[in-house]
Amino acid sequence: MNVLALPVLLPLLGGSVLLLLRRSAVRRAVATAVSTATLLASIAIALRTFHGAVLSVQMAAWAAPFGITLVADGLAGLLLLASNVLALLTVVFAGSSLQHAPVRGGSALLNRARDAFGAQALLQFLFMGVNMSFLTGDLFNLFVAFEVMLVASYGLLLLGGELPQLREGFKYVVINLVASALFVITAGMTYGLVGSLNMADIARRVAAHGPDLRLTVLAALLALVFATKAAVFPLGFWLPNSYPVPPAAVGAFFAAVLTKVGVYALVRTFTLMFPGEHLLPAVLLALGGVSMVVGALGAIARRRWRHAMAFANVASIGYLVAGVFIGTHAGMTAALYYLVNSVAVIFVLFLVAGLAERVGGAGYRKRGHLGLYPWLGAGYFAAALALTGLPPTSGFIGKFGLVRALLAAGGGLRVAVATAAVLTGLLLLYAAMRIWREFFWGEADAVHRVAIPRVMSGVTAAATVLLLSLAVFAGPLYGLCGTVASQLDGNAAYSAAVLVPGAPPREGAH
Amino acid sequence: MELLLPLLAAVLIGAGVFLVLSRALIRLILGVSFISYGVNIAILLAGEGERRDAPPLLQLAGPYNDPLPQALILTAIVISFATTALLLVLALRAYQVTGTDHVQELADRPDPVRPPAVYADPEYPSVSPEIGTAADIDEEDGA
């Protein structure tokens with residue numbers, strides 16, 4: 001058994017077992033154990049990739065272009081590690097929150113029903129889909145992984161069947177189904193045109209074929225699909241209303257990780273499969289700039305905790321997409337560091353928002369909570385600084401790197417995006433500080449303190465410590481991102497690990 | 001055949017898009033199904049040119065049709081079957097909860113407002129936990 005398959009197989013087995021267990025406490029223990037084991041496997045994979053190795057395994061020993069390939073390079077290792085750390089935290093947080101009412105004064109029955117109807121199992125299937133998306137080396141398997149991930153996310157979004165869930169869930173499902181239809185048709189057309197679905201093999205054939213308008217169309221279709229999943233500006237209208245709908249822990253994982261899967265797929269498309277395209281990355285760079293500003297404005301406009309955070313997530317995705325498509329080594333390095341930072345920041349913000357909604361309701365205009373919940377305020381303060389990009393947080397380091405790379409690369413578009421990045425920082429600062437002023441600051445309206453269950457505040461504190469450690473260990477982490485970025489440049493190691501040397505490409509019809 | 005199948009795929013996807021844009025949930029679901037049928041035919045067409053001499057395992061005389069697009073279609077059919085079932089359940093549930101299958105009416109229905117904790121004294125619940133009061137709505141945006 002190769003360790004590469006474990007992050008996919010463990011959640012699959014764990015989720016299946018969880019469906020059979022009837023006692024809530026047992027489910028909690030099993031889910032935590034499975035996620036811990038998955039995390040350990042991810043650490044084992046990530047540590048090996050961080051030394052520059054590219055791991056690969058061919059399922060059932062079918063050679064590369066024909067069999068199912070799992071590959072882990074530095075990028076996959078980094079994302080695998082980040083998402084599985086959050087997965088464990090999510091499982092523990094959800095284990096506690098599913099025992100309590102969503103809000104004080106509400107009924108715990110709804111969450112208990114969610115627990116009884118398989119919320120923990122669905123979470124495991126979600127992790128399976130996410131891990132498989134990062135590890136697969138095959139375009140069609142990427143589609144299958146997306147579907148596993150999305151079907152689990154439909155379940156998690158809809159479990160409970162309340163009106164907002166039904167309304168936003170319907171939009172979420174339909175948009176993702178249409179995007180998936182586009183994805184599968186693109187995969188079919190790629191096979192018809194290029195003659196392969198293995199990503200490394202596609203890269204080899206595309207490079208051998210040279211520039212072709214039909215290949216650009218394929219790349220554009222893939223960009224359209226992945227940008228929809230990543231919620232880049234004109235395609236991300238589904239996100240801000242749907243991510244606040246599920247329970248806090250689930251929403252936090254969705255916001256922190258699921259959109260990044262889209263970004264990951266965009267990176268794979270344009271660094272590995274279609275590195276020759278120039279117009280599309282420029283378009284995505286510009287859209288990233290627009291996403292930043294739109295997200296920040298939306299975060300200012302919204303008066304509800306998690307709705308504001310969901311828009312902040314769009315802004316964060318904007319930085320990320322812009323950074324990935326700067327097109328230089330420094331840009332990719334900064335984008336990867338910002339990616340890790342963004343995953344942690346958004347996760348902490350959504351957890352804090354979930355706890356704040358628990359004690360104060362969905363709207364944040366209720367003053368004076370700092371005196372009652374000082375630690376919640378501290379967690380929010382740290383995450384808000386990292387979101388806006390103020391020193392000494394990791395957000396500052398990431399954004400500084402991005403802006404410096406944008407200006408160093410030069411050109412009118414990049415300078416414009418750099419301006420947007422700085423401007424968005426100010427807008428986000430305004431949005432974050434307004435929540436601070438309206439929720440935490442001022443004379444207390446509330447008279448009695450609502451207890452926050454220990455496990456929930458513990459998980460939030462752990463996530464905040466992780467976020468702060470990204471700034472403390474910024475040096476080694478930034479160096480690591482540099483290594484990963486140089487691996488992505490050319491992808492020679494990736495192709496060498498997947499394809500059998502010397503095997504000639506299969507002759508297609510072209 | 002060369003022209004018929006592409007036309008069929010185009011008509012199916014076009015009809016699907018038209019239905020997805022309509023305002024009744026059930027038509028929307030039919031639209032999604034139509035799109036997936038069109039997509040399946042399109043994938044079949046994508047593999048049309050890929051004829052090879054011999055199957056990889058059996059020692060038979062060629063040419064034969066490339067089985068890979070068919071495998072892709074099989075996977076896509078299974079997935080779209082499951083998601084269509086999910087959508088149907090979702091539409092049914094939405095109809096049961098709201099009494100309408102019209103998209104606009106569903107969107108206009110205000111969320112049930114949950115009360116902030118300070119209002120919900122467990123000893124003397126002044127507002128229903130599930131419904132809240134009109135005053136709570138002012139605290140939140142109407143978007």
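**Questions on a predicted model**

Reader: In which loop is Asp73(A) found?

Author: This is a predicted model, in which local features need pLDDT of at least 70, side-chain atom pairs count only at pLDDT 80 or more, and totals for chains, interfaces and linings use all residues. Residues are numbered from 1 along each chain as its sequence is written, while chains are lettered from A and ligands numbered from 1 in the order in which they are written. With helices (H or I, at least four residues) and strands (E, at least two) taken as DSSP runs numbered from the N terminus, Asp73(A) is found in the loop of chain A between strand S2 (69-72) and helix H3 (74-97).

Reader: Is Asp73(A) buried or exposed?

Author: A residue is buried if 20 or more other C-beta atoms, placed from the backbone, lie within 10 Å of its own, exposed if 12 or fewer, and partly exposed in between. Because Asp73(A) has 24 C-beta neighbours inside 10 Å, Asp73(A) counts as buried.

Reader: How do H11(A) and H14(A) run, roughly parallel or roughly antiparallel?

Author: Axes are lines fitted to C-alpha atoms, for helices over the stretch in contact, and angles run from 0 to 180 degrees between N-to-C directions. Helix H11 (residues 248-273) of chain A packs on H14(A) at an angle of about 160°, with the axes 8 Å apart. Angles under 35 degrees count as roughly parallel, over 145 as roughly antiparallel, 65 to 115 as roughly perpendicular and the rest as oblique, so the angle makes H11(A) and H14(A) roughly antiparallel.

Reader: What is the phi of Ala231(A)?

Author: Most residues other than glycine have a negative phi. Ala231(A), which lies in the loop between helix H9 (213-230) and helix H10 (239-242) of chain A, is not a glycine, yet its phi is positive, at about 60°.

Reader: What is omega for the cis peptide bond that joins Pro391(A) and Pro392(A)?

Author: Most peptide bonds are trans. Pro392(A) has its place in the loop between helix H15 (374-388) and helix H16 (394-409) of chain A, and the cis bond joining Pro391(A) to Pro392(A) has an omega of about 10°.
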